[in-house]
Amino acid sequence: MKTSRLPLDCLVRFQRDCRDLRALISTHDFSSVHLSRARPMLLIHDYFKSTKNGQQLYVFGTEHLNGKNVFRKFHLRPELMINNKRWEKPPTLQCSCQGVLLFADPMRPTYYALNPITQEKVTIKHTPDPGKSCALYFCPLTRQFKLLYVQAQGSLCQYFVYMFKTQTWRKIHPSSTFNFLPYRNSHAVVNGALHWIMYSNLEQEGIPPFANGIMVFRMDKEELFAMPHPGSVCTSKKVHTTMTLLVKENCLSFCHLLVSEYAVDIWILEDYEMRAWNKRYKVNLFDKKSFPFSLPYILPGSASIDVYWWIKLTNIQDGELLFYLRDRGLFSYNLEHKTVKIFEFPQLKKLYACRTYIMSLLAIT
């Protein structure tokens, strides 16, 4: 299928003038083949410019055929709700899944799903309130997009799944009491499951989740459970804000930012069933021989800083750890050779958000 090797932009542009091509690329099989050949890229959200100019989204990375890094802007239709310039506060980008982006309205419980390639959009208005989204995911069993959502009331949690195809909600009924909350929307997908760093156990508020540092959701069976993270026992909930889950070569990776050392320990889950972790790397983020900035990392005019609010680990790809330093930019660290690259984006200021992204033609509904 030669057309499946063409860049997505070309396909979308050509299908407007060719009925047969439009029918071909709208099939699920074609979208799946194209997705299987796509390489992960980086989605950059310039949220400061988005306040006045509509959503400012860019992609950076290796495109489908030529193997060269590109940096370009997504051109979104002005009539999209997320581009409405009358927003007091525009919708914020929550996460990305298989080419579909999820935005949240900061003023009301409304979410917007968007495929920026096809420009298909879906609005979710009737959410259980109060609550928040945990993850947008693509179920491998039903081959459908779904949204995992949590409603927390007192010491109890109730989880829901929103199905985009039927536009309906369904409660999840765990086999045992599950009153854990994930930290942020940042999750890692491995072994058919979503994984988050645990933030809180509502039944034991204020007590760090010693034995249950990672929250897991099986997408096919819609099961929720918890598992311990590697390393030392946590002494406070704040420690969990220094932890990030990534994926390296289809293995779950646990990254722990050691604030006192300005370093990152990286553990790899080498045997998922046996929960066998191996501490594989230690990255000194402030080694002056490797990194082009001074130590310690302190903003001008500041006496001290919580480092974990300013260092965001994004992904691990082709043996390189990608991370963002606020006010400093985007860096890539080769885990084997211990070399560093900085990516320059002249169009952007140094304040932006980064997400892993894959271009796709998959339909949301």
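Predicted model: local features only at pLDDT ≥ 70, side-chain atom pairs only at ≥ 80, totals over all residues.
Residues are numbered from 1 along each chain as its sequence is written, and side-chain values use heavy atoms, without hydrogens and water.

The chain contains 4 helices and 25 strands, taken as DSSP runs numbered from the N terminus (helices: H or I, at least four residues; strands: E, at least two). Of its 365 residues, 51% are buried, that is, under 20% relative accessible area with a 1.4 Å probe, protein chains only. Among contacts (heavy atoms within 4.5 Å) with a separation of 6 or more, 47% link residues 24 or more positions apart.

Four strands form an open antiparallel sheet in the order β4-β5-β6-β7, where pairing requires at least two DSSP bridges between two strands. The edge strands, β4 (92-97) and β7 (121-124), each pair on one side only. Within the sheet, β5 (residues 100-104) and β6 (residues 111-114) run antiparallel and are joined by 4 bridges; F103 stands opposite Y112 in β6.

The loop between β6 and β7 holds Q119. Q119 is buried because its relative accessible area is 11%. Its side chain reaches the backbone nitrogen of R77 at 3.0 Å, and a polar atom of the Q119 side chain lies 2.8 Å from the backbone oxygen of P116. Leaving aside residues up to four places away in sequence, Q119 touches H75, L76, R77, L80 and L114.

Definitions and conventions: Buried < 20%, exposed > 50% of the residue type's maximum accessible area, 1.4 Å probe, protein only. Polar contact = N/O pair within 3.5 Å; in protein donor to acceptor, adjacent residues only side chain to side chain.
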